Amino acid sequence: MNPLKHVAIIMDGNGRWGLRNKNSRNAGHRAGLNTVEKIIKETIKNNIKFLTLYAFSTENWKRPKKEINFLFNLLENFLKEKIEDLNKQKIKLKIIGKKSFSTKLNSLLNLSEKKTSKNKRLQINLALNYGSKLELIDAFKEIRKNKELVNEKNVKKYLQTKDIPDPDILIRTGNTKRLSNFLLWQLAYSEIFFEKKLWPDFNEKDYYKIIKKFKNIKRNFGNI
């Protein structure tokens, strides 16, 4: 059976779920948080050490300002209410992406990372204001600045995920089949699962089915 260290998820479908069920995109974002908590529990249960969640991309700034403000308020409240609990559960929180938010949110993110930095049970990488193309451009700039060779080892050294194993699995919910500028380098050999369900409808059983299927896939990594 394949070892499973790292699951990455594009949590797509909150807005559509909200419009369909509550006539409000924001209601979908709120419902999506419940799914996040369920998936964190299932990840721990399956002894998976890394979970990366795509929460807000560099392209998401194109959304209406009201929705963006709602999303960041939701994140602020979630961290205020849950960070102590995450810490008690020995969960480490890491932000990947550029922390260019309000002073209040930046401080809260930094505080949350610092508070949980020594935890080892599960590392949650929250991709916020993250874009893979920008991450790669920044890595190449660092290589050039330090006059180093352009090779796989050096590119990886300057990625924001430098100390994190590449994802074994990528899950995208919401019946959309694209990567949306997410971990383009790191997903080179990941097994990809596209789910029709919208993120708030995705549940522990769906997640476990994917884990079980992954463990029995024959992975060759270019070999035969």
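This report describes the pockets, the cavity and selected secondary-structure elements of a predicted model.

## The largest pocket

The largest pocket of the model has a volume of about 850 Å³. Its lining comprises 36 residues, and those nearest the pocket centre are Met11, Asn14, Tyr54, Ala55 and Phe56. By class, 20 residues of this lining are nonpolar, nine are polar and seven are charged.

Several elements contribute to the lining of the largest pocket. At least two lining residues come from each of the helices α1 (14-22), α2 (25-45) and α3 (65-88), and likewise from each of the strands β2 (50-57) and β4 (122-130). The largest share belongs to α3, which provides seven residues.

## The second largest pocket

The second largest pocket has a volume of about 230 Å³. Its lining consists of Glu152, Lys156, Asp166, Pro167, Asp168, Trp185, Gln186, Ala188, Tyr189, Ser190, Arg219 and Phe221. Sorted by class, this lining contains five nonpolar, two polar and five charged residues.

## The cavity

One cavity of 30 Å³ or more is present in the structure. The largest cavity has a volume of about 40 Å³. It is lined by Thr58, Gly97, Lys98, Asn129, Tyr130, Gly131, Leu134, Glu135, Asp138 and Gln160.

Strand β4 and helix α5 (132-145) each give at least two residues to the lining of the largest cavity, and α5 gives the most, with three. By class, the lining of this cavity has two nonpolar, five polar and three charged residues. Strand β4 also supplies at least two residues to the lining of the largest pocket.

## Helix α1

Within α1, the residues Asn14, Gly15, Trp17 and Gly18 are buried. Viewed down the axis of α1, its buried residues fall within an arc of 160°, so they line one face of the helix.

Helix α2 is included in what covers the buried residues of α1. Asn14, one of those buried residues, is also among the residues nearest the centre of the largest pocket. Just after α1, asparagine 23 adopts a positive phi of about 60°.

Strand β5 pairs with two strands, described here in turn. Strand β1 (residues 6-10) runs parallel to β5 and is joined to it by four bridges; isoleucine 9 has isoleucine 171 of β5 as its bridge partner. Strand β6 (residues 191-194) also runs parallel to β5, again with four bridges, and arginine 172 has phenylalanine 194 of β6 as its bridge partner.

## Valine 36

Valine 36 is located in helix α2. Its relative accessibility is 10%, and because buried means under 20%, valine 36 counts as buried.

Leaving aside residues up to four places away in sequence, valine 36 touches Met11, Leu53 and Trp199. Of these contacts, Met11 is also among the residues nearest the centre of the largest pocket. The C-alpha atoms of valine 36 and phenylalanine 202 are separated by 9.5 Å, although these residues lie 166 residues apart along the chain.

Note on methods: Residues numbered from 1 in each chain as written. Predicted model: local features only at pLDDT ≥ 70, side-chain atom pairs only at ≥ 80, totals over all residues. Heavy atoms only, no water. 1 Å grid on protein atoms, 1.4 Å probe; cavity = no way out; pocket = protein on both sides within 12 Å on 5 of 7 lines; lining within 4 Å. Points joined across faces, edges and corners; volume = space filled by probe spheres on them. Nonpolar A, V, L, I, M, F, W, Y, C, P; charged D, E, K, R; others polar. Buried < 20%, exposed > 50% of the residue type's maximum accessible area, 1.4 Å probe, protein only. Arc of directions from axis to C-beta. Contact = heavy atoms within 4.5 Å. Pairing = 2+ DSSP bridges.
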